[in-house]
Amino acid sequence: MPVLKDWHRPIWNNTLVTRERNVFNEPIMQFMHWYAEREKLSGDERWKSWYRHFGMDPEYVLERGY
């Protein structure tokens, strides 16, 4: 629940990082690309379902620009 009515923390921007030396490690890079794509497909729904679980409308939060 928000501390203040209608206040929500900003939506997180997830970042996937690796060491520079891993850029040429094909298995690691394949995994990172796979994971980033999977997260893009499921990440939004995961946080939205938690907002709904606690009785908040995720679309309202998005409209407010948090």
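**Close-up 1. Trp34 sits in helix H1 of this predicted model.** The helix spans residues 26-53. With a relative accessibility of 48%, Trp34 is classed as partly exposed, since exposed would take a value over 50%.

Close-up 2. Phe31 comes in at 49% relative accessibility, so it counts as partly exposed. Tyr35 is partly exposed too, at 37%.

**Close-up 3. Phe31, Trp34 and Tyr35 belong to one aromatic cluster.** The model has four aromatic pairs by the ring-centre rule. Take Phe31 and Tyr35: their ring centres are 6.0 Å apart and their planes meet at 25°, so this pair goes down as stacked, the cut-off for stacking being under 30 degrees. Both residues are in helix H1, and the four-residue spacing between Phe31 and Tyr35 is about one turn of that helix.

**Close-up 4. Trp50 and Phe54 make a stacked pair.** Here the ring centres of Trp50 and Phe54 lie 5.9 Å apart, with the planes at 25°, so the label is again stacked. As for cover, Phe54 has a relative accessible area of 44%, so it falls in the partly exposed class.

Terms used: Residues numbered from 1 in each chain as written. Predicted model: local features only at pLDDT ≥ 70, side-chain atom pairs only at ≥ 80, totals over all residues. Heavy atoms only, no water. Helix = DSSP H or I, 4+ residues; strand = E, 2+ residues; numbered from the N terminus. Buried < 20%, exposed > 50% of the residue type's maximum accessible area, 1.4 Å probe, protein only. Phe/Tyr/Trp six-rings, centres within 6.5 Å; stacked < 30°, edge-to-face > 60°.
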